[in-house]
Structures are given as C-alpha cells and as structure tokens.
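I opened the model today to look up strands and helices. My entries follow, one topic at a time.

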Amino acid sequence: MAAEVSLFGIRHHGPGSARRLVEALDLLQPATVLIEGPSDASHLLPMLADPAMETPVALLTYAEDNPSEASFFPFADYSPEYQAARWAMARGAELRFIDLPASDRLGEHAGSAGQEAAARTGDDPISQDPIGVLAAAAGYYDGESWWSDVIEETPSSGPVFDAVADAMTALRSEAGAIPAREAAREAHMRIEIARAAKESEGPVAVICGAWHVPALAARHSLTADRALLKGRAKVRMRATWAPWTEPRLARASGYGAGVVAPGWCAHLWNTRDASDRDAIWLARIARIMRERGHFVSTASVIEAQRLGHALAAMRARPHPGFEELRDAAVACLCNGERAVWDDIAAELLVGSGVGTIPADTPLAPLLEDLQRQQKAARLKPEALERALTLDLRSESGLARSTLLHRLAALDVPWGRAADAGRSRGTFRENWLLCWEPEFAVRLVENLVHGSTIAEAATGRLTDAMRAEPDLAALAGLVRSAMIADLPGAAEFGTGLLETKAALTSDCRALLAALPAMADILRYGEARSGMARHLADLMPRMVVQAALALPYAARDLDAEPAAALRDAILAAEAAIQLAQLGGAIAGTWHDALRRLIGDDRATRLIAGAAARLLYEADLLTAEEAATLLGRMLSPGTPVLQAAGFFEGFLAGMGERLVHDAPLRDAVDGWLTGLDEETFIANLPLFRRVFSSLDRSARRRLMDAALGRGASNARGYRLLPGAGAIWPAHEARVLGLMNAGAPR
C-alpha cells in the first residue's frame, strides 16, 4: 500500500516557514523526506549535518566539460529545506531531492551562475514570488513580514499549510499557463513522489515551494508526466557544496529566490521568543550606530520600541514587524534623517557573513579549471620555490602571465612577481612559483564569485572595486584587472574610476591614482587593447589635479605636506611614463610654477615643485640659486626655509655630483650664509643628504672641493683636538657629516 504523502508548501529562505515546518515534521514523524532540489545531487544532502558545514552555503552543480555552465542552490540556517534535511538526518529518515536532475537544468539553461533563480520560479510575476503577491495584497512591505504574522501567530501547523495550499491554488488559477520547463519540473517531482510513496515504510513529507503544491497534489497519469520529460537535453554534470555569502542571499544581488533583508530573516529565526524580538532588534541597531560614531541613548531605544508597538497597532498588525521597527528607528534613533539609516542598513539588513564547507567536500570547479589551465600552460605545481621568466610577446608567456595574475586577484599567490626587469622593457616578467596546500581552500572559497578562474577573478575584483572608496586603490584594482586580461572587471572599474574622478575635489587622491594608471598604459604594449579606455581619462585627471594643486598645497602641517609632496613626485614620474606632453604637460608645469610664486604654498611642496621644474629644464641653475637665496634668506622663518631646502634638494645628491651649474649655485648659496644661520640649519642639511651612501658623499665632497683636493690638502680631524679649516672646506665636511677625509 502506498504511504501517506503530506505536502508542505514553504517560502524559500523563510524563517517562519522553517519554524512551522520543523513543528509539522515533529508531529508527522515521516519515514521519508523529499525536498525540492536536483535529484542527481541527493548524495550530497548528508553533508548538511556535518558540524564543519556552516551556512550560508550553496549546492553547486556544473557541467563537467564547461564549469561556467553552473547553478547554485543557496541554503541559510533559516531555509526550510536546510532544516528539513537536518531533521531527516538526525532521525534516520530517508532523504533525497526530487526536482529535475541538474544535468537537465544545465542542458536547457546553461551559462549562468545565477540559474538557481530560474530553477525555482517561472516567468510570470505571480510565480516569481507568490507569497510576496499575497503580502502586497494584504498591505505588507515584504513576504516575510506577512508570513511571520500569518504563520507565527497560528496555533497549529497543519491548517497553516492547508491554507497556503488554498492560496496558491487561487493564485495559479489567475497566473495562466506555466512555462514548459516548470511543467517538466512538476512532472518529475510527481514521479519521484509516487515512487517514494510505494517504497517508504512510513509517511512521506514533501518540502517544496508553495507555488508547486497545487500541481503536486493534482492527479496526473504517469504516462503523461513521462511524456513531458521525453527528449530533454542532458549534459554530464558534477555537484559539490560551496561557501555562500549573506549579501548573495539578498534579492538585490539578482538572486530570484532571495529575500529583501537576510539580516532580518536571521533575526526572526534566531529569536525564538517573539516578545523579545523587537527589543533585541532595536538594541542591535543602536550598537551598530554607536560603532559608526552616532550618539544613541538608551532612552531613545525605549522610545523607538514604544513607537514600533504604536505603529503596529495603528496598522492592525499583531506585533511590530520590519517596517514598524525601521520607521521607529529612523524617527527616534536617527533623528528623522533617512541618510543615517541608509548608513547602517547594509550591515544590519544584509550582513557580510561567509559560509564554510567541510574539508572532504568533492573537488570544486575552480580546482578543475585550474588543472586544465595548468596543463595547457605547461605549469606544474611544485612545493619548492622556483624562478620563472616570461616573455609576454610569446603566446605561451602571455597565457602563463595571465593565469598567474588571475590567481593573484583571487588571493592565490602561486606566483609572486619579482623584479619585472624594467631595463628590458615591458615585455618581460619574473616570477617565483611555489604552490601551497591552502591555495586549494582559497579557490573553493572563491566559488562565491564564479565557477571558472576568469569568472571568479572578475567577480572578486568587481566586488572590491564597488566597495573601494579610495581613488588610488581603485586605479590599482583596474590595473590588476587589465593585466589579468579581465575585460569585464576592467571596463567596470574604468567606469567607476571616471565617475569618482569627476566627482572628487581631493587633489592628493587624484595625484595618487596617476602612477597606477600610467602603469596600465605602459602595459598596453604587451596587452594590446586593454589600456585604450584610460588613454583619455588620465590626461583629464592630470589637468583636474593641476587646477586643484595650488589650493591643496596651502598652509599644510608637516604630515599632510609630506604626503602631498610624495604624491606630486610620483605623479610627475607617472606623467613622464605615460609620455603626456604638449598642453597636458604645460598645464601641469604651470601649476608647479604657481606653487613657487605663492607665499601661502607650503615650502616643502614649493621646493619639490622647483626641483621638478629644474629637472625638466624649465628652471636654470642661476634661477634655482636665486630662488634658494630668496626662500632661505635670513628673514625667512627657519621651518619654512628648511622645508624649501629639503623639498628642492632631497634625493638630488647624485645629481649634484654631475651637475656643475647646480652644484656651484648651491655651493655659492651655502658659503654665503653667515655662521650662525649655517650652524642652525646644519641638522636639516645633513638630513637632506642622508640618502647618499659613503661613496656618493665622498664623490660629492671631491666635486665641491675640487677633484682630489681633500686628500691633497691632507687635513685631519683629531679627537679632542681642534683644527683650523678654511671656511669652505669646513662647511662641506660639516654638511656631509662624513668625518675627515683620508
């Protein structure tokens, strides 16, 4: 005799649905539990009971020959299917999936890692979220709030699921014909249910989306159902578990079966006592706001709770739901400012948690894709470190480089970039290769971003770009995307870069982004076509930074002045590397000239600007000497004079050895200082030349004193004894701080 079959229509990722389902299973005590999911992945269901499995996780099915053809089926703690699977495993009940096999899904709907949405919904708006339709009809903000009110407040579980079945029957009568694929899915589930009813030694529980209940309860002949499945495309597939993320459970991520607020759903599931639910939620809001620097008093939290209950009463709700507590928090905790709520909403409602899977999880597609690419590139993973030099002009060298850069974007540093060999041009890369066992784990973790190396690297970089507020760091990510030959991420990042650059007025941020952009353009030779998007953007950013520079350099303290000086020097190198000449270079140099003539410009930065103009032959040695004399005149405050001297001469020691006009100009200015001024500034002078090694200092001393003059004069500085030095030689030795020449 066929076993009794009970259908439980649930809402995917519904905490109220999950709680009532567990209660119903406890009452029914089924011998067999059937769950909506790919029937050829049933062997993976027992892993949900593994203590090492922490949600959110996703069942991943993918085509064996092409892992990019994949489907994800996410599970959270509050997913009814997850709770049903754990219930069955804990009680020894038969457990399996009953939906179309993944090989069928992938054969018909290949090419998207987001097919789990299509697998659970039809094309009709009602079928996409039937519970949401009922909630909207009842005046609710989202399906979870309606489900919580209707299900959580019902005294028994049985009538609730009967009522849901009745509601779905009414909705399906209004939805019209369902797509052919949906009809095939329901036919397959009916066949599996009938088989289980014949084989089971006790009651059979079927857990499926509420939308399917009327179709699974209806009588259909076995012949008719098999006819719907005949001739459907198949592919060879594999299945595994993969970590998932809380943001990807949200409907806003594009997941069709997602929920509006995963954080709220988790709160509903974890808070068993409904009487404490609103207080705990508001306390969490207050904690997050305080961590963000907002002042929130305990009295305000109490008022928010009172307002939430008042709003629920006005709206005829049994208890405050998401909307009431949100409105109460905006009014009482955010002082009526919605922007404050928006500042915490993502952390509160979406979260950032990532699931974990057991170590014995079957091989994941990223590892398989890596194995294929390692074989194609003839790169064998080895535990010992070895050097690898790549010529990017060859097809094999470029392919190997692309693979290593993509892995680096996934935080899998199988290869570490060594000296790129700049003297040989931009077509050579040096790497140190060493494979570590934990890299496999990192690849599995990156399955949340895609099922191939290219897809995962694109997804990870895109997510990082979207969250990156710093312009320079964003430019670095774009550079990583271009070098890794990820056009999707590169195009996305370039668009963000252009938007952020147009909106920013931060001169230092603009300058800091230029080196990475110049490096991108430099790599354009080896990776043709990848840098063309930035060819126009970088000149615009140079002009924008040049216009803002004179104002950004005024009246700065020591630390921000040093940071801006470094950014200016790096930007100058980037402009030269990108070979930006003509009007662009002219605009940049005009900005540097304005710094020299601006009395409010911080002297460290003005000195650096003068140095760059001198190195560009836009300032003669005589003009430089005159400028030094004016900037370091006795009437100039010591700190300002020292700043200009450091900005102009820091790092130019080697050039002074070979640049006689500049050396003579500096030498003449130094010898013209009175003794008191020279001694007062001696620590600064020594710091400026501290970057020179002993050999370079000796060469500079010889050049300043005349080649070999120090040895010929034979001066010695004896401990405890004075020496009468000619004024010029004494100052040179004191400046270099190198002791007596020998």
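Which residue in β10 does Gly415 stand opposite? I looked, and Gly415 stands opposite Leu433 in β10.

Ground rules, for my own use. This is a predicted model, where local features need pLDDT of at least 70, side-chain atom pairs count only at pLDDT 80 or more, and totals for chains, interfaces and linings use all residues. Residues are numbered from 1 along each chain as its sequence is written, and side-chain values use heavy atoms, with hydrogens and water left out.

Entry: the open sheet. I found 3 strands in the order β8-β10-β9, with antiparallel pairing. I took helices (H or I, at least four residues) and strands (E, at least two) as DSSP runs, numbered from the N terminus. Two strands pair if DSSP finds at least two bridges between them. Why is one side of β8 and of β9 left without a neighbour in the sheet? β8 (386–391) and β9 (415–417) stand at the edges with a single partner strand each, so one side of each has no neighbour there. On average, neighbouring strands of this sheet are turned by 35 degrees against each other, direction ignored. I then checked β9 and β10 (residues 428–433): 3 bridges join them, and they run antiparallel. Helix α18 (residues 395–409) packs on this sheet and touches β8, β9 and β10. Contact means heavy atoms within 4.5 Å. The direction of α18 makes about 125 degrees with that of β8.

Entry: strand β6. Is β6 (residues 204–209) enclosed or open? I found 6 of its 6 residues buried, so β6 is largely enclosed by the rest of the structure. Buried means under 20% relative accessible area, exposed over 50%, partly exposed in between (1.4 Å probe, protein chains only). β1 (residues 5–10) pairs with β6 in the parallel sense over 6 bridges, and Val5 stands opposite Val204. β2 (residues 32–38) also runs parallel to β6, joined by 4 bridges. There, Leu34 stands opposite Val206.

Entry: helix α25. I tested its length. At 1.5 Å a residue, the 20 residues of α25 (residues 558–577) should span 28 Å, and the end C-alpha atoms are 29 Å apart, which agrees. The expected span is 1.5 Å times one less than the number of residues. Among the buried residues of α25 are Ala561, Leu564 and Arg565. Just after α25, Gln579 takes a positive phi of about 55 degrees.

Terms used:
Axes fitted to C-alpha atoms, helices over the stretch in contact; angles between N-to-C directions.
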